[in-house]
Amino acid sequence: LLKLMIDMAVYLGASSSTAKSDMKAVLQFETQLAQITIPYENRTSETLYNKMTISDLQNMVPQFDWNGFIRKTIDTKVNLHLKDLDESETVIVHTPQYFQDLFNLLETVENRTVANYIIWRMVHSRIFHLSRRF
């Protein structure tokens with residue numbers, strides 16, 4: 001997999017040495033993400049259905065503006081009753097421990113690695129749609 005990642009980065013314009021070091025970091029980050037993900041066999045209603053207020057979620061994972069995110073993603077023209085949403089609103093949080101672990105992990109990883117990971121995932125998901133050169 002690492003060789004494919006490096007080859008793709010080089011095809012997209014990275015130098016060989018930069019591609020090698022960047023893709024090693026991306027693969028390590030992807031491995032760390034896999035380690036904090038709840039295994040499929042442990043995904044039960046108890047682990048996936050966690051009712052809490054936005055305020056509780058914000059206190060649990062303070063690195064992210066949950067209220068702001070929710071406000072920006074809800075179409076209040078369609079959902080008029082959610083226009084006055086506040087932090088006392090109850091939400092269902094799938095795997096809150098994952099969010100805690102994710103944001104703790106993100107604090108230890110360089111932004112460049114996260115950006116390269118996002119690009120790698122996009123390229124990897126479209127690899128069969130690319131020209132034969134890739």
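Q: Which residues of helix 7 are buried?
A: The buried ones in helix 7 are Thr113, Val114, Asn116, Tyr117, Trp120 and Val123. Buried means under 20% relative accessible area, exposed over 50%, and partly exposed in between (1.4 Å probe, protein chains only). Helices (H or I, at least four residues) and strands (E, at least two) are DSSP runs, numbered from the N terminus.

Q: What kind of model is it?
A: It is a predicted model, where local features need pLDDT of at least 70, side-chain atom pairs count only at pLDDT 80 or more, and totals for chains, interfaces and linings use all residues. Residues are numbered from 1 along each chain as its sequence is written, and side-chain values use heavy atoms, with hydrogens and water left out.

Q: What covers the buried residues of helix 7?
A: The cover includes helix 1 (2–11), helix 2 (16–36) and helix 6 (96–106). Contact means heavy atoms within 4.5 Å.

Q: How do helix 2 and helix 6 cross?
A: Their axes come within 10 Å and cross at roughly 155°. Axes are lines fitted to C-alpha atoms, for helices over the stretch in contact, with angles from 0 to 180 degrees between N-to-C directions. The contact is made by Phe29, Gln32, Leu33 and Ile36 of helix 2 and Tyr98, Asp101, Leu102, Leu105 and Leu106 of helix 6.
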